[in-house]
Amino acid sequence: MRVVHDPEGAARTLATEVDRAESAFEQSRGLMFRRSIPDDYALVFPFDGPGRRFIHMLFVAFPLDVIWLADGAVQAKKTMHPWRSVGWANADTVLELPAGAAEGVSEGDTIVVE
């Protein structure tokens, strides 16, 4: 599985090592308690439909780029800092990536989880 950013037909792979947080437990735990993640890693939070999705960094020891998607379109993107950041947006999918991995991603861009 991989995560691909596709702005105007110029596809770029954001992550090739992808995990899905599908259960309520997996989604509530996210990346908490890990010491690090690989540079080409993404954690995907799929939801049944669009809604307000909150992400916090409590017990996350490293910075992340978080992307909120609705129907594959970027709704918001935020670089979040260890232990102290929170963010939210309306989305049906949320992506967590290493900080800097989402550089060049803008609202309205298309991202596909293959």
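**Sheet, pocket and rings**

Trainee: In which sense do S3 and S4 pair, and over how many bridges?

Mentor: Parallel, over four bridges. Keep in mind that this is a predicted model.

Trainee: Noted. Which residue in S4 is the bridge partner of Glu17?

Mentor: Tyr41 is the bridge partner of Glu17.

Trainee: How many strands are in the sheet, and in what order?

Mentor: Five strands, running S3-S4-S7-S5-S6. The sheet is open, and its pairing is mixed.

Trainee: Which ones are the edge strands?

Mentor: S3, residues 17–20, and S6, residues 73–80. Each of these two pairs on one side only.

Trainee: And what does the twist average from one strand to the next?

Mentor: The average is 25°.

Trainee: Which of them are the closest to the centre?

Mentor: Gln27, Phe45, Phe54, Ile55 and His56.

Trainee: Which elements each supply at least two residues of that lining?

Mentor: Helix H1, spanning 24–29, and strand S4, spanning 41–56. The largest share comes from S4, with seven residues.

Trainee: What is the lining like by class?

Mentor: Eight residues are nonpolar. Four are polar and four are charged.

Trainee: New topic, aromatics. How many aromatic pairs does a search of the whole structure find?

Mentor: Three. Take Phe59 and Trp83: their ring centres are 5.3 Å apart and the planes sit at 65°.

Trainee: Why is that pair called edge-to-face?

Mentor: Because the planes are at 65°, and an angle over 60 degrees counts as edge-to-face.

Trainee: Where do Phe59 and Trp83 lie?

Mentor: Both are in loops. Phe59 lies between S4 and S5, the strand at 64–70. Trp83 lies between S6 and S7, the strand at 86–98. The pair therefore ties together parts that are 24 residues apart in sequence.

Trainee: How does Phe59 count for accessibility: buried, partly exposed or exposed?

Mentor: Partly exposed, at 36% relative accessibility.

Trainee: And Trp83, what is its relative accessible area?

Mentor: 48%, so Trp83 is partly exposed too. The cut-off for exposed is over 50%.

Trainee: Which residues do ring pairs link into a cluster?

Mentor: Phe33, Phe59 and Trp83.

Technical notes. Residues are numbered from 1 along each chain as its sequence is written. This is a predicted model: local features need pLDDT of at least 70, side-chain atom pairs count only at pLDDT 80 or more; totals for chains, interfaces and linings use all residues. Side-chain values use heavy atoms; hydrogens and water are left out. On a 1 Å grid over the protein atoms alone, a cavity is a set of points where a 1.4 Å probe fits but cannot get out, and a pocket is an open set with protein on both sides within 12 Å along at least five of seven lines; lining residues have an atom within 4 Å of a point. Ala, Val, Leu, Ile, Met, Phe, Trp, Tyr, Cys and Pro count as nonpolar, Asp, Glu, Lys and Arg as charged, and the others, Gly among them, as polar. Two strands pair if DSSP finds at least two bridges between them. Axes are lines fitted to C-alpha atoms, for helices over the stretch in contact, and angles run from 0 to 180 degrees between N-to-C directions. Rings of Phe, Tyr and Trp (its six-membered ring) pair if their centres lie within 6.5 Å; planes under 30 degrees apart count as stacked, over 60 as edge-to-face and the rest as tilted. Buried means under 20% relative accessible area, exposed over 50%, partly exposed in between (1.4 Å probe, protein chains only).
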